[in-house]
Amino acid sequence: MPKLIAYTDGACSGNPGPGGWGALLRAMDGEVVLKQRELKGGEPDTTNNRMELLAAISALDALEKPATLTIVTDSAYVKNGVTSWIHGWKRNGWKTSAKKPVKNVDLWQRLDEAQARHQVTWEWIKGHAGHPENERADELARAGMAPFKPAKGSAEK
């Protein structure tokens, strides 16, 4: 049975500002890529953390049926949030331990729902460290952001 891996990344120009997300999905047989799919998107006014979350959500939502997969992210925020913090947030009615509302709660709830359909293992890797699949996810995120960035030389708001 092929192993499914999703490499996800988010990017933002300014924080907040125009942002993009990217995901590289691969079905692997050992070291052989059997199938590959690239996803990207963006928003005109967002944050890096929102784009990191949307990358993971989009990768999970792209799977047509329940699957076992590994999501590889360079976002400690996403990895720690989904594997650790989210349990307390849910117990506390989506409040932090300081009783404050969880930031990006809409996307955390979407991620929680999306991953519930699958068996997901989460891995963190260092970003911008020459990992080819992470670099490709970053390229996709930047491409997803491109339509929302002002052209070079134009006045930025």
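Lys-99 is placed in the loop between α2 and α3, where helices (H or I, at least four residues) and strands (E, at least two) are DSSP runs numbered from the N terminus. The model is a predicted one, in which local features need pLDDT of at least 70, side-chain atom pairs count only at pLDDT 80 or more, and totals for chains, interfaces and linings use all residues. Residues are numbered from 1 along each chain as its sequence is written, and side-chain values use heavy atoms, with hydrogens and water left out.

Most residues other than glycine have a negative phi, and most peptide bonds are trans. Lys-99, which is not a glycine, has a positive phi near 65°. Asn-104 is likewise not a glycine and has a positive phi of about 60°; this residue too is in the loop between α2 and α3. As to accessibility, buried means under 20% relative accessible area, exposed over 50%, and partly exposed in between (1.4 Å probe, protein chains only). Lys-99 counts as exposed because its relative accessibility is 61%, whereas Asn-104 counts as buried because its relative accessibility is 16%. A further backbone feature is the cis peptide bond from Asn-15 to Pro-16, with omega near 15°. Pro-16 belongs to the loop between β1 and β2.

The salt bridges come next. A salt bridge is a side-chain nitrogen of Lys or Arg within 4 Å of a carboxyl oxygen of Asp or Glu, and a search of the whole structure finds seven of them. One of these joins Glu-133 to Arg-26, with 2.9 Å between the closest N and O atoms. The two partners come from distant parts of the chain: Glu-133 is in helix α4 (residues 132–145), Arg-26 is in strand β2 (residues 17–29), and 107 residues separate them. Glu-133 is buried, given its relative accessibility of 17%, and Arg-26 is buried with a relative accessible area of 17%.

Another salt bridge pairs Arg-50 with Asp-106, the closest N and O atoms lying 2.8 Å apart. This pair also links distant parts of the chain, with Arg-50 in helix α1 (residues 48–61) and Asp-106 in helix α3 (residues 105–116), 56 residues apart. Asp-106 is partly exposed, its relative accessible area being 36%.

Because Lys-90 lies in helix α2 (residues 76–91) and Asp-112 in helix α3, the pair ties together parts that are 22 residues apart in sequence. Lys-90 is partly exposed at 41% relative accessibility, while Asp-112 is buried at 18%. Salt bridges with shared partners also join Glu-38, Arg-136 and Glu-139 into one network. Contact means heavy atoms within 4.5 Å; apart from its neighbours within four places in sequence, Asp-112 is in contact with Ile-86 and Lys-90.

Helix α1, which contains Arg-50, can be considered as a whole. The expected span of a helix is 1.5 Å times one less than its number of residues. With 14 residues, α1 reaches 20 Å from its first C-alpha to its last, close to the 20 Å expected at 1.5 Å a residue. The helix is mostly covered, since 10 of its 14 residues are buried; among them are Met-51, Leu-54, Ile-57 and Ser-58. An α-helix has 3.6 residues a turn, so residues three or four places apart point the same way.

The largest pocket holds about 500 Å³ of space. On a 1 Å grid over the protein atoms alone, a pocket is an open set of points where a 1.4 Å probe fits, with protein on both sides within 12 Å along at least five of seven lines, and lining residues have an atom within 4 Å of a point. Grid points are joined across faces, edges and corners, and a volume is the space filled by probe spheres set on the points. The pocket is lined by 19 residues, of which Leu-4, Ala-27, Lys-35, Leu-63 and Glu-64 lie nearest its centre. At least two lining residues come from each of β1 (3–12), β2, β3 (32–46) and β4 (68–73). The lining comprises 12 nonpolar, two polar and five charged residues (Ala, Val, Leu, Ile, Met, Phe, Trp, Tyr, Cys and Pro count as nonpolar, Asp, Glu, Lys and Arg as charged, and the others, Gly among them, as polar).
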